[in-house]
Every structure is written in structure tokens, then in C-alpha cells.
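Look at the model below and find the ligand first. The text then walks through its surroundings and ends with a contact elsewhere in the chain.

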Amino acid sequence: QRVAMGAQAFMLPGFAEPWLATLLPALERVLQRSPLRQMTTRGGRRMSVQSSACGDVGWVCSEFGYRYSPIDPATGQPWPVIPECLLQLAQRAADSAGFQSFQPDTCLINRYLPGARMGLHQDRDERDFSAPIVSISLGMPATFLFGGHNRSDRPARTLLQHGDVAVWGGVDRLRFHGVLPLADVPHPQLGSQRINLTLRRAGSNK
Ligand code: MD3
Ligand code: FE
């Protein structure tokens, strides 16, 4: 099943289900090596989500701005590698949405606790906008806001649930999007949290 949200933006409900039994333990191992932390925006405010990453580079944000770094500033070590099952899931999802041979080099891990949100923004810190972005939702459901190319375009709303995968690229790559504050409806397996994984091609120098 494939739900179109735009010409090149798709929701694949439950697409991650066959991978979850391997994905969840693999994710725990990644987070043991590079733990979740709250980052600070350019404006000096703490983000309400907790983040980490894996891959050749990871997205880091500080009062000095946003960038992709090969080193996790919290540990001084390279980020953990992207688990094989996660890479495979992302590539299969990209294929199903019409984006062949997706080669992600980073995965951003965001954890939302009740009340956490993500304001409307564009994803534009990557060098290469030709690659799609694949997002995997785990745990509690969240209301996703899907806007247009201008911040003022009224966003559509969709519920993202445990196991759902979204893929967007091409003409929809730079659309504004965000997540409403998370309600506390504990998930049977993951409890009072939502984890979102976004796989991207940042285009590192490595
Ligand atoms: C964008 N994360 O990390 S991903 C981000 O659910 C981020 O945690 C959100 O935005 C989250 O930068 C959203 C889900 C998503 C789904 C479909 C989209 C983002 C999309 C379609 C077009 C643009
Ligand atoms: Fe985003």
C-alpha cells in the first residue's frame, strides 16, 4: 500500500513491520554507543526532541549552526555504522516509492517524549537534494504536518504510526513539514515515546 502525499511524497503504512524484530535491538546497540542528547538550535534554544545518529556523518546542531560531522561531539568517536537491516529497509522503501539505488550515508535518530514537537521547517542541510529522504516511525503515533514550498502554505495532517515509513524527494524534497506536540498514549512495546529515523544522503567528503 502506498499513499500519495505529493507527486513524489509517499506514506507506506506498516512497511517497516517485517524488519522491526531485528531493527529495534540494532537501534538499542547504536544508542549505547552514541546516546541520545538534546541539541541546541542556532538561536540558542534547546530542542524538545532528543537526537543521535549513525552513518558516515551525523547531523549536529549547536549555537554555531547546523552541519554534518564525521565525529559524534558527545563521544569524540565516529558515529556507529548504519545497521544492515536499517539500510535494507530504507532501500526497499525508496524503491517502492520510485527512487532507485538510494545510498543513504546518514540516519538521524529523533526521540519524542510526550509534549515534544518539531516546528515547520525544510530539510536543507544536505549537499545533494537529488536523493530522497526515508523516514521510519516507531512507538507512539504523531500528527505530521505536510506543508508546501512556502512557510505560510497551510499544511495537511497525517498520523504517523509504529511501523509506518514515509519517502519523499524530487519536487517534494524541500516542502515545509513538522510534527505536532506528542500526546501521551503509551505504545504497548515502546511505552511513552516516539522514535523517528530519517535516512538521507548528506553527501560527505569522506
Ligand atoms: C518531509 N522529522 O528530522 S519525518 C526531521 O517525524 C523531521 O520526526 C519529522 O522532519 C519526524 O527533519 C518528520 C517524516 C516525514 C514524512 C513525510 C514527509 C517528513 C516529510 C514528506 C515531505 C517532507
Ligand atoms: Fe525535517
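**Around the ligand**

A polar side-chain atom of His 177 lies 2.9 Å from an oxygen atom of ligand 1, a polar contact being a pair of N or O atoms within 3.5 Å. Taken alone, ligand 1 exposes 520 Å², and the protein buries 98% of that; such areas come from the Shrake-Rupley method with a 1.4 Å probe. His 121 also has a polar side-chain atom 3.2 Å from an oxygen atom of ligand 1, and so does Asn 196, again at 3.2 Å.

This is a predicted model, in which local features need pLDDT of at least 70 and side-chain atom pairs count only at pLDDT 80 or more, while totals for chains, interfaces and linings use all residues. Residues are numbered from 1 along each chain as its sequence is written, chains are lettered from A and ligands numbered from 1 in the order in which they are written, and side-chain values use heavy atoms, with hydrogens and water left out.

There are 17 residues around ligand 1, and Tyr 112, Phe 146, Trp 168, His 177 and Arg 194 come nearest; a residue is near if one of its heavy atoms lies within 4 Å. By type, this shell divides into eight nonpolar, six polar and three charged residues. Strand β16 gives the most to the shell, with four residues; strands are DSSP runs (E) of at least two residues, numbered from the N terminus.

Now the salt bridges. These pair a side-chain nitrogen of Lys or Arg with a carboxyl oxygen of Asp or Glu within 4 Å, and the count comes to five. In one of them, Asp 72 pairs with Arg 37, the closest N and O atoms being 2.8 Å apart. This pair links distant parts of the chain: Asp 72 is in strand β7 and Arg 37 in strand β3, 35 residues apart.

Terms used:
A polar contact is a pair of N or O atoms within 3.5 Å; within protein, one must be able to donate a hydrogen and the other to accept it, and residues adjacent in sequence count only if both atoms are side-chain atoms. Ala, Val, Leu, Ile, Met, Phe, Trp, Tyr, Cys and Pro count as nonpolar, Asp, Glu, Lys and Arg as charged, and the others, Gly among them, as polar.
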